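Please look over the sequence and the structure shown here.

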Amino acid sequence: MTPESVTFCVQVQIRVTSKLVTFYVQVRNQEENVPQLEALATPLSGRPRTMSNSYKYPDGSSYLGNWNENGQRHGYGYMKFADGSQFWGMFDNGLCSGPGVMRFTDGSRYEGDFRQGKFHGYGVFNRCDNMRFEGEYKEGKIWGMGLITFSDKSHGMPRNEGYFEGNKLLRREKCPGIIQRAKDAANKAKSYVS
């Protein structure tokens with residue numbers, strides 16, 4: 001029995017600076033023309049370093065941005081998902097974390113804080129029908145104080161402002177400070193969009 005052979009094309013570029021050796025390696029399966037690995041970095045000082053490069057995943061998604069020494073998305077980056085959704089912002093060990101903007105294919109958009117790949121902290125979510133929630137998020141859900149604005153720019157009668165859990169308004173209460181923090185987080189996140 002003869003093992004199957006696969007032809008790979010390997011391109012290597014090495015850049016040495018005073019503190020970092022960066023190997024830009026591109027390995028492609030000649031039959032599928034799919035990149036297998038794009039870059040590795042070795043810090044000379046032993047401290048973690050980030051580097052910038054792009055990668056296209058087999059599912060069609062792609063990433064352009066910084067990577068850590070373990071090959072994970074880390075620092076500022078742009079991710080386009082296989083379904084066409086896009087994220088601009090900060091990554092931590094491979095996941096969206098910190099300020100960022102997520103734009104969905106239906107036109108919906110979240111601008112604000114992320115933690116471990118989920119909406120978490122303060123932010124503004126605009127649905128494709130122009131309905132908006134400004135406020136607090138936890139583990140990817142509306143959770144905490146906030147305000148709903150409907151597509152006609154009204155807030156409902158009585159006003160949909162107060163404490164929410166899992167998308168349900170549990171207690172009506174004015175929260176202008178939280179709404180302002182959500183707007184500030186959204187503005188900070190928008191600064192990451194190129």
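**From the chain to its hairpins**

Of the 194 residues in the protein chain, 37% are buried, where buried means under 20% relative accessible area with a 1.4 Å probe, counting protein chains only. This is a predicted model, in which local features need pLDDT of at least 70 and side-chain atom pairs count only at pLDDT 80 or more, while totals for chains, interfaces and linings use all residues. Residues are numbered from 1 along each chain as its sequence is written, and side-chain values use heavy atoms, leaving out hydrogens and water.

The protein chain has 1 helix and 14 strands. These are DSSP runs numbered from the N terminus: H or I of at least four residues for helices, E of at least two for strands. Contacts (heavy atoms within 4.5 Å) can also be sorted by separation in sequence. Among those between residues at least 6 apart, 16% join residues at least 24 apart.

Now follow strand β7, residues 86-92, into strand β8, residues 95-103. They pair in the antiparallel sense over 6 bridges; pairing requires that DSSP finds at least two bridges between two strands. Within this pair, Trp88 has Val101 in β8 as its bridge partner. The hairpin of β7 and β8 has 2 residues between the strands, and Asn93 takes a positive phi near 50° there.

Strand β8 is also joined to strand β9, residues 109-115, by 6 bridges, and these two run antiparallel. Here Gly100 stands opposite Gly112 in β9. The hairpin formed by β8 and β9 has 5 residues between the strands, and in its turn Gly107 has a positive phi of about 100°.

Note on methods: Buried < 20%, exposed > 50% of the residue type's maximum accessible area, 1.4 Å probe, protein only.
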